[in-house]
Amino acid sequence: MPVVYGGICPHPPVMVPEVGGAEADKVISTRQAMLELGRRVKESGADTLVVISPHGPVFRDGIAILAAQEVRGDLGRFGARRVSFKVENDPALVREIAARAGEPGITVLQVDEKTARRYGLDLELDHGTMVPLYFLRAAGVNLPLVPVAMGLLPYRQLYAFGMAVAGAAEKLGKKVAVLASGDLSHRLTPDAPAGYDPRGQEFDREIARLVAAGDIEGILNLDAGLVERAGECGLRPIIMAFGAFDGLAVEAEVLSYEGPFGVGYMVASLAPGEPDPRRRLWEKLNAAEQKAREERLRNESFLVRVARRSLENYFAGRSRLYDDTGIPPEFARRAGAFVSLHKHGQLRGCIGTVTPQYKHIVEEVAMNAISAAVRDPRFYPVTEDELPELEISVDVLQEPEPVESMAGLDPKKYGVIVQAGGRQGLLLPDLEGVDTAEQQVAIARRKAGIGPHEPVKLMRFEVKRYH
């Protein structure tokens, strides 16, 4: 059995006494549970430790693994530089994980000294790894360490990465323990670091329930809105760790949960059980992804089909981007429009026009779809092979109207335009995680480079959104 143990652990530096001092006693249950987790790692017979952190070099399209022969880090940025570790890596396991992950199409960046210099990456262990390591060392665990950074990939690929870890361990004859480092909701209380959201507590309860049941399918199918509202950093590492137990029953136990600082801290034990064919999920996840994609394409509205066909024609090098025959009368008029591209739930591009630039809405959408794909400066250009994975939405803007104060705004109903001099920022309405007019205006200010205290003119507008 190549992966002999697994666990889920939080990483607040405050629970390290050298950092938190007396505050560390407010998470005494978490500290004790971490020592118990360390004891179980030691008893598992593991000879290598893989720790998956959300605070390493995180990429949208791949996963990074620190590949230096020796890795080190400290908690100096938290006032405890003496808490430092220097640990041997396992380069052979790193190489084999990367090779195995490539089979389902996962890009793995092996970050050594040369790669770190080239991409401006940090080879130091982040606190998502350092804090768990502190308690593992206290429990007598002193193993070679493979530090992994989570990726912003679709869940099924994150799960497949865990499978790659297990496959690599089996091929090399390693006994590996896999730990997912991650905090749960950062929005449990009004004074929480990411602000308060009542659904944060709901998320934490659900995660604790699903982990205790070893229900990885339930975790993979969590409501996206709930996840967004929670403001968490642990879900993806948890999915990656569970992937290492694909095809096995999992004996799961939540050792502790608490959230005294407005952030949820859960410690959980994951022990591999007997083989269970029902838990072989890779083919099932791929089939579900394909079904969802086909359903999405079948149900796309007229304007979304215009945007998609325009992108297909653009990449095929055709001069005619869209069919200008049979345009429905409602789209033959002129209006501003925004085209938003998402890939696996992550924004991939968004460009639009506040006032119309083209002869009708259809052309507006066609041209803005191309701009969203290849001219949004926040992202590298979309490639042709990404097109089937894109989720597209189109917002047709109604005429903006001025408002005298924030009281005239409603982020669920109205978009906002902020103006100061020649600078202008816009934010569409009804965006996930934007719940107040203050949030909406602050984001629009940042987009325009307008300071938080500069006087601005406010305008609001309604949109008709097409999926």
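Four strands, in the order S12-S11-S13-S18, form an open sheet with antiparallel pairing; two strands pair if DSSP finds at least two bridges between them. Strand S12 (346-352) and strand S18 (463-466) are the edges, each with a single partner strand, so one side of each has no neighbour in the sheet. On average, neighbouring strands of this sheet are turned by 20° against each other, direction ignored. Strands (E, at least two residues) and helices (H or I, at least four) are DSSP runs, numbered from the N terminus.

This is a predicted model, in which local features need pLDDT of at least 70 and side-chain atom pairs count only at pLDDT 80 or more, while totals for chains, interfaces and linings use all residues. Residues are numbered from 1 along each chain as its sequence is written, and side-chain values use heavy atoms, leaving out hydrogens and water.

Within the sheet, strand S11 (residues 337-343) runs antiparallel to strand S13 (residues 390-397), and seven bridges join them. Phe-338 stands opposite Asp-395 in S13.

Helix H13 lies across S11, S12 and S13, at about 40° to S11. Such angles run from 0 to 180 degrees between N-to-C directions, and axes are lines fitted to C-alpha atoms, for helices over the stretch in contact.

The axes of helix H12 (residues 302-315) and helix H13 (residues 361-374) come within 8 Å and cross at roughly 55°. H12 is therefore oblique to H13, a term for angles that are not under 35 degrees (roughly parallel), over 145 (roughly antiparallel) or 65 to 115 (roughly perpendicular). In contact (heavy atoms within 4.5 Å), residues of H12 including Phe-302 and Leu-303 meet residues of H13 including Ile-361 and Val-362.
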